Amino acid sequence: MAHSAEYIQRLERLLEVTRNLSANLDLEPFLQSIIEVASELTYCQDSSILAYDEECGCLRFLAAPWYELDALKPLKIPVEQSVAGWVYSHSQPLVVQDASQDPRVDRNADKKLTFETGSILAVPLIFRGETIGVLEAVNKTGKAHYTEDDITILETLASQAALAIQSSRLVQKSQQAYQQLIELDRMKDDFIAITSHELRTPLGLILGHANFLLDGATEEQKEQLDIILKSAMRLKEIIEDFSNADNFKNGVARVRHRKISIDRLIQEIVLSFKDLAERKKISLRTDVSRANLSIEGDAEKIGMALSNLVKNALTFTNEGGHVLVSAEQLPGYVKVMVTDDGIGIPAKDIQSIFERFYQVEQHLTRRHGGMGLGLSIARDLIEAHGGRIWVESVEGKGSRFSFILPHNLSQVSAAEKVFTS
């Protein structure tokens with residue numbers, strides 16, 4: 001009965017400790033608390049935690065009494081010839097009541113510390129079925145033997161340690177991945193800025209000389225020069241997309257608010273794409289339900305956003321298809337829609353369609369041109385006005401890109417609160 005009362009007290013202490021442990025989020029002090037409690041509840045001289053190191057293929061000390069840790073950290077405990085290694089390999093607890101009689105006891109730590117290991121209880125650290133390390137309790141006081149109760153207590157603490165170690169590793173990996181993404185994004189921004197800047201001068205020379213040669217060229221030469229000019233203009237569009245994307249990413253572009261007519265802007269944009277629509281044999285028309293749809297905004301930038309949407313619709317609509325640009329009045333807003341009956345967007349790509357450089361088609365099987373910047377730029381331009389843009393699409397049936405713009409600057413601040421919430 002006395003033993004039962006003592007065991008209940010130990011369990012109560014274990015419960016109290018594990019509750020308090022959860023409040024400590026830093027790994028090193030957390031593991032130090034684990035080994036202190038392990039020594040206390042198993043009546044041992046010392047406890048330690050070892051974790052498997054993939055680089056050396058061995059076990060290394062993560063936690064030990066503070067006055068021993070610096071000496072133990074450089075040690076490499078072999079998996080093949082050590083008690084900790086046996087526990088790690090077999091994922092089972094191991095009790096060594098007399099260390100002098102067991103060849104698996106590694107004496108490297110003893111030599112470092114002028115310490116003599118007399119007995120060991122070791123249990124595996126297991127996380128989701130994977131053994132990641134070992135928790136050891138060394139030298140039972142009074143040369144007593146380890147009990148099943150000691151194993152249960154140590155296994156409970158080991159589960160806490162395993163969860164903490166693995167969580168810390170996952171957080172570390174996430175932070176490293178995040179830093180890599182930041183660096184890649186910075187490199188991409190630098191590439192965009194440098195590329196768009198360096199290509200402008202040679203492209204200007206190509207366009208200038210091609211136009212100069214065009215004046216005195218023969219019909220055959222004019223055909224060749226026309227190909228050069230069209231290709232150069234296509235490259236100019238790509239460079240401008242690069243530059244626009246970089247400007248809006250870095251906040252360089254400013255929005256100049258003036259009163260503009262959305263319905264008139266729609267008519268101008270659609271008219272500019274009439275030739276392209278006719279060449280592709282696509283019906284391009286407008287439907288503005290109400291005249292004088294006016295807002296305060298930057299006509300050039302809204303026009304650029306709308307142009308990108310119309311161009312996108314024409315690009316991904318097959319011959320004989322239809323593209324409709326429409327607008328309507330909403331309370332406090334004007335809504336503009338570009339609807340097509342083209343190839344549509346796969347459901348898996350909907351969430352990513354406005355990301356920079358995102359391509360729905362694989363680069364080796366693409367049938368359509370573009371750098372994947374048009375929709376990203378459109379989003380930046382609309383959001384710079386305090387508006388929002390989205391897409392609805394069914395693959396094989398078509399897409400509808402919609403955006404809303406607030407009437408004026410006072411509506412912009414109200415919109416930001418609504419959209420943020």
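**A helix pair in context**

Tutor: In this predicted model, buried residues account for 43% of the 421 residues in the protein. The protein contains 12 helices and 12 strands. Of the contacts between residues at least 6 apart in sequence, 65% join residues at least 24 apart.

Two packed helices are described by the angle between their axes and the distance between the axes. For the pair formed by helix H10 (residues 299-315) and helix H11 (residues 374-384), the axes come within 9 Å and cross at roughly 150°. Angles over 145 degrees count as roughly antiparallel, and H10 and H11 are therefore roughly antiparallel to each other. Their crossing is left-handed.

The residues that meet can be named on each side. H10 contributes Lys301, Met304, Ala305, Asn308, Leu309 and Asn312, while H11 contributes Gly374, Leu375, Ile377, Ala378, Leu381 and Ile382. By class, this contact of H10 with H11 comprises eight nonpolar, three polar and one charged residues.

Another helix, H8 (residues 262-272), may be viewed through burial instead. Its buried residues are Ile262, Asp263, Leu265, Ile266, Ile269 and Val270. These residues lie on the same side of H8 because they cover an arc of only 155° around the axis. On the other side of H8, Arg264, Leu271 and Ser272 are exposed.

Key
Residues numbered from 1 in each chain as written. Predicted model: local features only at pLDDT ≥ 70, side-chain atom pairs only at ≥ 80, totals over all residues. Heavy atoms only, no water. Axes fitted to C-alpha atoms, helices over the stretch in contact; angles between N-to-C directions. Helix = DSSP H or I, 4+ residues; strand = E, 2+ residues; numbered from the N terminus. Parallel < 35°, antiparallel > 145°, perpendicular 65-115°, else oblique. Left-handed = near helix turned anticlockwise from the far one by under 90°. Contact = heavy atoms within 4.5 Å. Nonpolar A, V, L, I, M, F, W, Y, C, P; charged D, E, K, R; others polar. Buried < 20%, exposed > 50% of the residue type's maximum accessible area, 1.4 Å probe, protein only. Arc of directions from axis to C-beta.
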